[in-house]
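Work through the exercises below with the model in view. Try each task before reading its solution.

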Amino acid sequence: EFLALGLVMLIGSLGCYFGPATPLAVAALALGVGAFLFGYVPWFVVTKEAFDRLGDEEIARRPILSRDDLGRPCTLILKLAVIVAVGPFALILFFIPYLLVRLVLSPLNGAVLLLMCFFTIYVARPLGIAMA
C-alpha cells in the first residue's frame, strides 16, 4: 500500500516538476517528499528487517552465481546482465543506505533511546505541565 502510494506521489512529483507552470514546483517538492516518506522509507525499513533476519549462513548458502550456472551459459549470461543493469541502482537505493544504518545508527540505538527518554522525562513533560 505504502509503496503504491509512494509510486503515485513520485509520478505526480515528476509530472509537476516537468510540467509547464512554475507554481507546480511547490507541488513537485511536496509530492517528492511524500514519495520519499511514504514510499521509500517504509520499503527500506521492511527490506532491511528482512535482510537482517537472514543470517550470514543463509546468505552464504544461496550464492547468486553457482557452479550449475556454468553448465547453462544462457542462465549465466542473463544473471550477469541483470547484475550489471540493476547493480548500481541496488547499491544506491539499498546497500549504501543499509551500510550506513548498520555502521552508524545501530551502535547509536542505545544512546538515542536514552536521549529520547531523558528529553521526555526532563523536558517535554515539565514543559507540558507548565503550559497546562
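## Exercise 1: One aspartate

D69 is buried, with a relative accessible area of 1%. Buried means under 20% relative accessible area, exposed means over 50%, and partly exposed lies in between (1.4 Å probe, protein chains only). The model is predicted: local features need pLDDT of at least 70, side-chain atom pairs count only at pLDDT 80 or more, and totals for chains, interfaces and linings use all residues. Residues are numbered from 1 along each chain as its sequence is written, and side-chain values use heavy atoms, with hydrogens and water left out.

**Task.** Find the helix that holds D69, then list what D69 is in contact with, leaving aside its neighbours within four places in sequence.

**Solution.** 
- Step 1. D69 sits in helix 4, which covers residues 67–71. Helices are DSSP runs of H or I with at least four residues, strands are runs of E with at least two, and both are numbered from the N terminus.
- Step 2. Set aside the neighbours within four places in sequence; D69 is then in contact with I64, T75, L76 and K79. Contact means heavy atoms within 4.5 Å.

## Exercise 2: The salt bridges

**Task.** How many salt bridges does a search of the whole structure find? Take each pair in turn.

**Solution.** 
- Step 1. The search finds three salt bridges. A salt bridge is a side-chain nitrogen of Lys or Arg within 4 Å of a carboxyl oxygen of Asp or Glu.
- Step 2. K48 pairs with E49, and their closest N and O atoms are 3.7 Å apart. K48 is buried because its relative accessibility is 14%. E49 is partly exposed, at 36%.
- Step 3. R72 and D69 meet through their side chains, at 3.6 Å from N to O. R72 has a relative accessible area of 44%, so this residue counts as partly exposed.
- Step 4. D69 also forms a salt bridge with K79, with the closest N and O atoms 2.9 Å apart. This pair links distant parts of the chain: D69 is in helix 4 and K79 is in helix 5 (residues 73–131), ten residues apart. K79 is partly exposed, because its relative accessibility is 28%.
- Step 5. Now join the pairs that share partners: D69, R72 and K79 form one network of salt bridges.

## Exercise 3: A serine in helix 1

**Task.** Is S13 buried or exposed? Which residues is S13 in contact with, leaving aside its neighbours within four places in sequence?

**Solution.** 
- Step 1. Locate S13 in helix 1, residues 2–17.
- Step 2. S13 has a relative accessible area of 9%, so S13 is buried.
- Step 3. Leave aside the neighbours within four places in sequence; S13 is then in contact with A28, L31 and G32.

## Exercise 4: The whole protein

**Solution.** 
- Step 1. Count the elements: five helices and zero strands.
- Step 2. Read along the sequence, they give α-α-α-α-α.
- Step 3. Of the 132 residues, 12% are buried.
- Step 4. Take the contacts with a separation of 6 or more; residues 24 or more positions apart account for 58% of them.
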